[in-house]
Amino acid sequence: MNDGGFGLGPRVRPEPQAEAPKASRVFVRSIATAPGLPWDQMRAADLDARMSAPLPIMDLAYQLKRLAPWAPGQTGQFACFYARRADARDGLTEEVEVEGRRLVARFSSPVAAARQRAWMLGLAGAFAVAFAVGTVAIGAALSARVDADARLARLEAELEQRNHALAARTRSLAEGAALENSGIVDHDLDHVLADLAWVAASKTDETRLLSWYWDHGYMALEVRSEAAPFVAPDRMVKRSARPVRRGVWLYGVAPANAVSAANPPAPPQGAP
């Protein structure tokens, strides 16, 4: 090819050179521990990682990762990732190969770790405050419920007392009306008690008294019996001509002083 007299040779395009692979900033090694409990194996692996560090441990950041799940009677398999503190200061994430598996080593920066710890502490504090507020609210609700139950119990007791007093008052009024209608108010208490005692002592065992009336000192009793209701009465007793209803007779009983007036005692012998 003619170069036009300038003495220049043909142009040759340079071959692009492949970029050299970046050196990994993470060093990894495998650690095996004796069979034991999982926390004992983790403590043994941590001690091994510190003792076998490639540099003084104060210059390194490291982390352990279990390669296989824990099983009783089996050795513990761990991978330990190391990085210089200067490299891990701003955060470092690399994928490395460990025993044919690709694992991710992730070192958080101290600032990010502190921020995450602060966030976790804040979240825990918020949960604690919420729990305390909930506990106080529940306690207040339970206390209010107890107070309401106590007030309700007091109101129920007061209502029961008022109902009892009202029933007693109603019963007293009814008894008073019955006494007024029966004529007992015409008697004094001694005469009433004397009449009751006389009936209780004089009636037969078969006598069934259905009702009892007083009228100006006289008693009237409804008796369910054909036979005489009283044994050897010392008062004037008279039965109605007809039953007031089937099997029920009305007996009138005079006061004790009426018998005495109707049957005066016989004069003594020899009297004029």
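1. Glu222 lies in strand β7, where helices (H or I, at least four residues) and strands (E, at least two) are DSSP runs numbered from the N terminus. The model is predicted: local features need pLDDT of at least 70, side-chain atom pairs count only at pLDDT 80 or more, and totals for chains, interfaces and linings use all residues. Residues are numbered from 1 along each chain as its sequence is written, and side-chain values use heavy atoms, with hydrogens and water left out.

2. With a relative accessibility of 12%, Glu222 counts as buried; buried means under 20% relative accessible area, exposed over 50%, and partly exposed in between (1.4 Å probe, protein chains only). Its side chain makes polar contacts with the side chains of Ser211 (3.0 Å) and Arg245 (3.2 Å). A polar contact is a pair of N or O atoms within 3.5 Å; within protein, one must be able to donate a hydrogen and the other to accept it, and residues adjacent in sequence count only if both atoms are side-chain atoms. Beyond the neighbours within four places in sequence, the residues in contact with Glu222 (heavy atoms within 4.5 Å) include Arg208, Tyr213, Val248 and Trp249.

3. Strand β7 (residues 218-223) runs antiparallel to β9 and is joined to β9 by five bridges; two strands pair if DSSP finds at least two bridges between them. Leu221 is placed opposite Tyr251 of β9. Strand β8 (residues 237-239) is also antiparallel to β9, with three bridges, and Val237 has Val253 as its bridge partner.

4. In helix α1, Gln41, Ala45 and Ala49 are buried. These residues cover an arc of only 75 degrees around the axis, which puts them on the same side of α1; the arc is that of the directions from the helix axis to the C-beta atoms. An α-helix has 3.6 residues a turn, so residues three or four places apart point the same way. The buried residues pack against β1 (26-33), β2 (60-66) and β3 (76-84), while the face turned away carries the exposed Trp39, Arg43, Leu47 and Met51.

5. Glu99, in the loop between β4 (92-98) and β5 (101-107), has a phi near 50 degrees, a positive value in a residue other than glycine. Glu99 is exposed, with a relative accessible area of 55%. Most residues other than glycine have a negative phi.
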